[in-house]
Amino acid sequence: MNKDSRWQALRDRLKALLQRTKVGLVVLPINSRGYLGSEALIGLEKILLANFTGSEKHCVYFDEGIRFEKCESIERSLEERHNCTVFVEQDSRVIGGLQLADLAAHCLSIMLLEALGVISKTVKAGDYSGYDPDLDITIGFELWATLRYCFFKGQGPTIEELEANPVDSLMFDTGSHALYVSQYCSTELRTASEARFSKVYLGCIH
């Protein structure tokens, strides 16, 4: 197996792992990168509050180079209220979950850039997609179809709701459970983030 094949095999393995992982997203503009640490902790607390009871123990790992300033109160709240221990300046060669997080961030950023109109790219649907393999689909749709089951989300519809509205009731709330849009985001970035990630459709897409 040559080098390119080994990298592709590793990437495919990471994609398979990602599809069995729950995903939450923090959106922050690049010109506010210095606030990434504190904003990520705020987003983490939102996701924990929405999805966990507080009795579970959590270990959270942040990659090297992420700045944390004036975060002591947030870290204390995470530890006391959510049984959460934060580890900073971690090496992704040692903490494999960071590589998985990088892949998730890469995929989600492409989806967001497409929603903003920054990129426009199509790919072939391919085999086993449920579509004509030669059909051109947008890269954002292809990534969304792959990741839509991974997001933290609200409780599913009841039988009564399905009977009353069988189409719309298949939309699940992910904005309250998986998405934190930083206070530093512009209106345009906030609007695009919420439009792309605040709801997810879990019915058949074929």
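This is a predicted model: local features need pLDDT of at least 70, side-chain atom pairs count only at pLDDT 80 or more; totals for chains, interfaces and linings use all residues.
Residues are numbered from 1 along each chain as its sequence is written, and side-chain values use heavy atoms, with hydrogens and water left out. Local features need a pLDDT of at least 70 and side-chain atom pairs count only at pLDDT 80 or more, whereas totals for chains, interfaces and linings use all residues.

Helix α8 spans residues 187-197, helices being DSSP runs of H or I with at least four residues and strands runs of E with at least two, numbered from the N terminus. Within α8, Leu189, Ala192, Ser193 and Phe197 are buried (under 20% relative accessible area, with exposed meaning over 50% and partly exposed in between; 1.4 Å probe, protein chains only). Seen down the axis of α8, these buried residues fall within an arc of 100°, so they line one face of the helix, the arc being that of the directions from the helix axis to the C-beta atoms. The face turned away from the buried side carries the exposed residues Thr187, Glu188 and Ala195. The buried residues of α8 pack against β1 (25-27), α4 (96-115), α7 (175-178), β7 (179-181) and β8 (199-201), where contact means heavy atoms within 4.5 Å.

Strand β2 (residues 58-63) runs parallel to β3 and is joined to it by five bridges, pairing of two strands requiring at least two DSSP bridges between them; Cys59 stands opposite Thr85 in β3. Gln90, in strand β3 (residues 84-90), is buried, with a relative accessible area of 18%. Residues up to four places away in sequence being left aside, Gln90 touches Tyr61, Phe62, Asp63, Glu64, Ile95 and Leu98.
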